[in-house]
Structures are given as structure tokens and as C-alpha cells.
Amino acid sequence: MKHDHSTEEYISEVQQQIRWKRARKIATHELADHIEDRKEALMGKGLDENAALSAAIADMGDPRKIGSELDMVYRPKVNLLLIELTAAFLILGAGISYLSEGIISVSQIISVLIGIFSAVVLYFSDYTVMLRHPLMIYFIHMFITAALLVYEARNGFEMIGYSYTFYFLMLFPVSLTVVAADLKNQHRKFGLFVFTCYAIPLFLTAFLLSSLPGMTMILITYMMLACFGIRKHWFSLSYIGVAVWIGLILAVVFGMWYISNFFHLSFFFTNTGDEFVQRMISDAVFSADMWGSSKFRIINNKEEFLRENYPFVILLNKYGYFAVGCIIALFVGLLAVMIHTARKQKTEIGKITAWSTFFVMAFQLLCSVICHFANFGSMSMCIPFLLSGGAFTVIDLILIGMVLSVSRHEDMIREWIRYKDRKASVSTNESDPINQWFYQLVHSKE
Amino acid sequence: MGNKTLTYGNVDMLVLKLLENRDMYGYQIIEQLEKRSDNTFSLSAGSLYPLLHNLEKKNYVNVYEADVKSRTPGKKRKYYHITEQGKKYLHDKAQEWESYSRAINAILFFKGGTSE
């Protein structure tokens, strides 16, 4: 069966009215079927093929009108509230840096620019590529992290602490979530075992970095995904499977204990041990005013340490409880927007991407708050966007870019996935004439 | 025969009503609409598909693909299925339409004299 050229011309004219190029093919692929159905019906009434096709196309109506209406339906969504909140945080972060240091450093500006560029690139890209190539994403991510780890470990693992390796580790909840979703799609018998094998190198990396937040983050991500996967039957799990799973977790815990003794590693989960610093933190918090700067002065040479490890102490001391309350309220707003975006998603890929980005952001904020309480000590986890180093800002903007990309594709993602699947099946079945025609259609120039 | 053009506000109600009984594909919806209205209403493909895509966006319908018995092997068709949200919307719209048409009829077919 060969489609008449005018069908393509009609669809091409409809597509020209749709401004979002990515939506053009998915919005119009039904039209060819409709013309075909109508043509067959008219042929059944006695018309010859050419006359039936012409009549079928005429019955479709004005291609510019249908194109304009489809253009109204398929518009990229912009999550304005998230952009506004992120911009507010970036401005606030720059303001706080300027007020406390009297200057906004060039490296800080460059980090923000790199972060914004990354977010923009992610916003315009197709985030579903993560589900199509989850292992590639995971292994590239793992390779870069491992290379950084080896590079930074030249002076011994205990010297690394919080480094670029750690920043890359911060993005692993997203990679790991996509790998879990991929295993679900494959219905592997030993899905959970395979998933555990993907999680172990990440956990060991965090362990070698002596990073309690890193280990906690990977462990929580792993446990949440494993439990969710078992509950949703992503992994078929027998009693033997459960036993192997528990055995593996125990092996990792004992392995960690052994390695930590061997390398004499120490974790940052105790308090600083410096009673003077502890007392200063306590005094700074309790002497803070409701409005504005406190009379209590933090010793200059300790300010840098506190800014990196106890950011809320600095904020309370300099700007008072009200300002810190406003900042926390803004963060609650940011997290609420991320939750709202995740809940609104109609597809699994949309949901898991949005929830995993939310998790990283919420975890980061939680760590930066929780370290201020007794017995937790410093976790060197910055408040997102505020008093944070350049790399943290880039990571946070990458997360925001991912959420924006999820929002942008919200209304068309199901169709987009179907279109991609169809395209993949077409390339594997090119002998079929309708597929050949469809192949030409989807590969024709925009 | 009167005006066959449907106003946009009513088309979604009619399409959802058709989908309440069974899942259909685009061409089938047009055919059924003409058949059930005894050729009174005619909907063009140009109006139907943007409407269906809009209903999907609002979560009133779901879409799935199914194989078609056709001359072309492996051909798939997009079927539309009404959701619970769509059923609720249809129910509300039908009630709205009932009170609206009752009010119109009460005026058009009023047989009593004027009160003044």
C-alpha cells in the first residue's frame, strides 16, 4: 500500500502550524490513519482509490485550522514558579555573599553561569533519554565519579573528604532510580540482586570519601527503591532471593567495618570535638535577635569554618530569626513546587525523575539543618544556593533543570514515549510497507 | 436539515458520552456521532483531534494503542478511554445541559398568558 503524496502534503501543512517542533509528529500521526479509514469507507461506497483519497482529505478540513488548534494544545510548559523561586535563591545567595564578604567572587559567578547553562540545556533536552539508555547514563556517571575518586585519592582516601567526587555522588539517586525502573521493565528474575550490584559501588565510593551524608543518601535511595520495587513487583523475589539480599547487605556492612579499620577512616558524624567552637555555636544561636545582626560577634578565623559547616548559625547571627524563617519558608515553597510537579506527572518516567530530584534537594536541605542539632555535628552539606560552594550550586541548578524538563514535557510525554517506541519498532521492521511510510514521515525534515 | 455545526462546549460532552459506552478511535467517534444523531451532527477531523488531545491533557480520557484487524499487518490504532474524572465531568455537564434545556423549553413552549 502506498500513501498518496497529498496525504503527506496535508500532514506537512498541519505540522507547519505547530510551533513546538518536537510535538509536530506526535500531534499529527493519527491524521494519516484517519485519512486511511475514511478512504477505505469511501472506497466501500464505490469510489475509486484516487477519488476516495481526495474526498477523504477534503473531509479533514482546513489543515491550517487543525494545525493552529493542535498548536494550542501542544505548547511547551514553563514551570514559572520554580524558575522564579530559583532566581530568588540565586539573588539571595549573591546578596548574602556580598554582605558577608563584601564581594561576589568570579568563581561564584562562573559557577552560577555554568549551572544556569546546564539547567537550560536540560530544559530543552529530552529527559526520557535516561529511561532509554539508563545503563549508559549510570556507567558514564560511575566512570566520571571513579576517575575523580582515583585522581583525588592520590594523597590517600582520608584526605578527600568533601570533594568533586562527592558532588557527582549527589546526582546518583537520579541515575539509580532510572536503573531500577529499567530493571522493572526487563522483569529480571534476579532484579533486586542486579539492582544491589549497581548500588554497591556508589555506597563504597561514599564510604571511601568518609562521607556520612553520601552513604546515608545512597542507602536511603537504595532501600526506598528496593522496598518500592518489591511492593510494586518490579523484582520477582523468592525466599532464596530475600536470603541473598539480606546476605549481601550484611556483607557490605561487615566489609565497611573491616575496610574502615584497615584504612583508619573517620566519619564526620560526631561533633567537632572542639568545645570552644561548640560553645560559640550555642552562643551565636541563643543570642541571635529577631531582626538584624546580633551583638554576639563570631571570631573572624572561625567564621569561614562555620559558614562551610554550620550555615544557619551564620545566617542567624547576621540576619536574625525572622530572616532565617523567611529563607526556610522559601525552601518549603521550592520543595512544595517540586512535590506538586512530581505528583502531577502522568508517566512513570516523569514521576521517578521528579521525585528523585526532589529527594536530593530535600536531603541536602535536611542535612544542612540537622547538623545544627546536638550530637550530629558537621556534615559539610550546604544550604542549597545559599552560602554554598560553586559545585553545589551547579548540582542544584542541574536538579532544577531536570524538574523544568519534566514540567516542559508534561502534557506530551506519553505520546512522546509512544512515538519513540514506534520509531524504534519501525527501524526493526522496515520491511512492512506502512512502517516504511511511517519511517519516511518521522525522518523527514522538520 | 438544520445547522450541523456543534458549539465547542457541547462537543466534549457528546464525545465523552460516546466513550462512556465503549472505547473508540477517532474515525469511529465521528461515525458514531453522525449515526446516533441521525446525521444531524457532523464533526470534522480538524475539530475532533484537537478536542481529544485536550481531553487527554485534562485527564478526562486515557489513550492506548491496540492492534487493528486490517490489510496492513502490525497496524496499531489509538483508542480513547473515558477516565473516572471524565465520567464525573460528563455527569456535571449533562446536569448543566438538562437544566439549561429545561429553561429554554419553558420559554419556547410557554402556553400560558402574560402575567402583566
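Which residues in α11(A) meet residues in α12(A)? The close-ups below begin with that pair of helices. This is a predicted model, in which local features need pLDDT of at least 70 and side-chain atom pairs count only at pLDDT 80 or more, while totals for chains, interfaces and linings use all residues. Residues are numbered from 1 along each chain as its sequence is written, chains are lettered from A in the order in which they are written, and side-chain values use heavy atoms, leaving out hydrogens and water.

**View 1. Helices α11(A) and α12(A) pack at an angle of about 170°.** Helix α11 covers residues 191-208 of chain A and helix α12 covers residues 212-231, with their axes 8 Å apart. Axes are lines fitted to C-alpha atoms over the stretch in contact, and angles run from 0 to 180 degrees between N-to-C directions. The pair is therefore roughly antiparallel (over 145 degrees). On the α11(A) side, A:L192, A:F195, A:T196, A:A199, A:L202, A:F203, A:A206 and A:F207 make the contacts (heavy atoms within 4.5 Å). Their partners in α12(A) include A:G214, A:Y222 and A:I230. Helices here are DSSP runs of H or I with at least four residues, numbered from the N terminus.

**View 2. Helix α4(A) has buried residues along one face.** In this helix, residues 63-73 of chain A, the buried ones are A:P63, A:I66, A:G67, A:L70, A:D71 and A:V73 (under 20% relative accessible area, with a 1.4 Å probe and protein chains only). Seen down the axis, they fall within an arc of 155°, so they line one face; the arc is that of the directions from the helix axis to the C-beta atoms. At the N-terminal end, A:D62 caps the helix, with a side-chain oxygen 3.0 Å from the backbone nitrogen of A:R64.

**View 3. A:T145 sits in helix α8(A), residues 134-152.** Why does A:T145 count as buried? Because its relative accessibility is 0%. Its side chain reaches the backbone oxygen of A:H141 at 2.6 Å. Not counting residues up to four places away in sequence, A:T145 touches A:T165, A:F168, A:L169, A:F172 and A:T205.

**View 4. The largest nonpolar core has 78 residues.** Such a core is a set of buried Ala, Val, Leu, Ile, Met, Phe, Trp, Tyr and Cys residues joined through side-chain atoms within 4.5 Å. A:F195 and A:L334 have the most contacts inside this core. Helix α18 (residues 390-408) of chain A gives the most to it, with 11 residues.

Technical notes: Buried < 20%, exposed > 50% of the residue type's maximum accessible area, 1.4 Å probe, protein only. Helix = DSSP H or I, 4+ residues; strand = E, 2+ residues; numbered from the N terminus. Polar contact = N/O pair within 3.5 Å; in protein donor to acceptor, adjacent residues only side chain to side chain. Parallel < 35°, antiparallel > 145°, perpendicular 65-115°, else oblique.
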